[in-house]
Amino acid sequence: MAVGARSGHDEPDKRAGGAFGDDATGDDVTGDGQTQPPGGGTPDDGDDDAAGGSGRGPKKPRSFWKELPLLVGIALVLALLIKTFLVQAFSIPSESMMNTLQRGDRVLVDKLTPWFGSEPERGEVVVFHDPGGWLEGQTTPTPNVVQKFLSFIGLMPSAEEKDLIKRVIAVGGDTVSCKEGGKVILNGVALDETSYLAPGSVPCQDSFGPIKVPDNRIWVMGDNRQNSLDSRFHQQLPGGGTVSNDEVVGRAVVIAWPVTRWATLPVPDIFDQPALNQAMAAAPLGAAGLAGALPLVLWRRKKVAARHTAE
């Protein structure tokens, strides 16, 4: 007597015990996770899609709202690192640097190169902390919590720090001076500053100097000389109006806002004159020559005096 009806193809001999699988699709699951249809054939695309490839449903992607906090956190960390080590935005609060910079401009300041030992150079526009007493009596606006936070991570200009922005005219070892209504004299060279001074502005309305800038310090002046409380007006303070290199935040390299004023802030060509460095080097050489000649002069005078005594 036949046991079990047969259809047109072979069926597994054992179904009830589940030894060959009893899932809803009728496919067997092998140890390597691959699906096998009854009879050991190769699964077709339809069976693979129905079974999810490995017998499991497709993994659902994370919800956007679950990913959002992570993305925001990464963005904030990157912004903080950029602000600390690379660039920082600063707002121009006054007209002391016109027409190079207008009130309300946003500039980006390079903070990276000072980490590698770079020091301010003549002609650069730099941002620096108040050396002490430069902003005395001037009030700064009180920012709200959001402004403080955005300023802290660098997405807004510095909100509370008392910073200034000026152009470096002289560095350590330079000698700078100016006579009323005349040109600034740097290491004996008269500077033609017409390329960056505000229209109608004279290089200096009051005489100063000559001033020898100490090592590791800079002498700074605004481009709008008649409206800039710069090194000229703080000579009574410690440092004699000069600013320590350690107080310099970095060099302003580009105007970032408003977009209609996008521009870089290069060093004017007048500060690339070889004569500026030659004149600075000539002073030590002259002093060395004088020191070397002095013993000869004294020896000659002594010799002449001895000759007169003998006569």
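Before going on, a note on what you are seeing. This is a predicted model, in which local features need pLDDT of at least 70 and side-chain atom pairs count only at pLDDT 80 or more, while totals for chains, interfaces and linings use all residues. Residues are numbered from 1 along each chain as its sequence is written, and side-chain values use heavy atoms, with hydrogens and water left out.

Back to our pair. The side chains of Arg225 and Glu193 form a salt bridge, at 2.7 Å from N to O. By salt bridge I mean a side-chain nitrogen of Lys or Arg within 4 Å of a carboxyl oxygen of Asp or Glu. Arg225 sits in the loop between E11 and E12, and Glu193 in the loop between strand E9 (189-190) and strand E10 (208-212), so this bridge ties together parts that are 32 residues apart in sequence. Those labels are DSSP runs numbered from the N terminus: helices (H or I) have at least four residues and strands (E) at least two.

How many salt bridges does the structure hold? There are 6. Let me show you another two.

One joins Arg167 to Asp223, with the closest N and O atoms 2.8 Å apart. Arg167 belongs to strand E6, while Asp223 is in the loop between strand E11 (217-221) and strand E12 (243-244), and 56 residues separate them. Arg167 counts as buried because its relative accessibility is 3%, and Asp223 counts as buried at 0%.

Arg122 is in the loop between strand E4 (106-110) and strand E5 (125-129), and Asp174 is in the loop between strand E6 (163-171) and strand E7 (175-178), 52 residues apart. Both Arg122 and Asp174 are buried.

Now to the nonpolar interior. A nonpolar core here is a set of buried Ala, Val, Leu, Ile, Met, Phe, Trp, Tyr and Cys residues joined through side-chain atoms within 4.5 Å. The largest one has 19 residues, and those with the most contacts inside it are Ile169, Val176, Val184, Leu191, Phe208 and Trp219. Which strands each supply at least two residues of this core? They are E6, E7, strand E8 (184-186), E10 and E11. Apart from that core lies another, of 13 residues, including Met97, Val125, Val127 and Val249.

Next, the rings. Rings of Phe, Tyr and Trp (its six-membered ring) pair if their centres lie within 6.5 Å; planes under 30 degrees apart are stacked, over 60 edge-to-face, and the rest tilted. The whole structure has 3 aromatic pairs. For Phe128 and Trp134, the centres are 5.6 Å apart and the planes at 85 degrees, so this pair is edge-to-face. Phe128 is buried at 0% relative accessible area, and Trp134 is buried at 5%. Phe208 and Trp219, which we met in the largest core, have ring centres 5.2 Å apart and planes at 25 degrees, so they are stacked. Phe208 lies in strand E10 and Trp219 in strand E11, 11 residues apart.

A few backbone details to finish. The peptide bond between Gly209 and Pro210 is cis, with omega about 5 degrees, and Pro210 is in strand E10. A cis bond also runs from Trp257 to Pro258, with omega near 0 degrees; Pro258 is in the loop between strand E13 (248-257) and strand E14 (263-264). Asn187 is not a glycine, yet its phi is positive, about 50 degrees. Asn187 is in the loop between E8 and E9 and is buried, at 9% relative accessible area. Asn216 has a positive phi too, near 65 degrees. Asn216 lies in the loop between E10 and E11 and is partly exposed, at 48%.

Technical notes: Buried means under 20% relative accessible area, exposed over 50%, partly exposed in between (1.4 Å probe, protein chains only).
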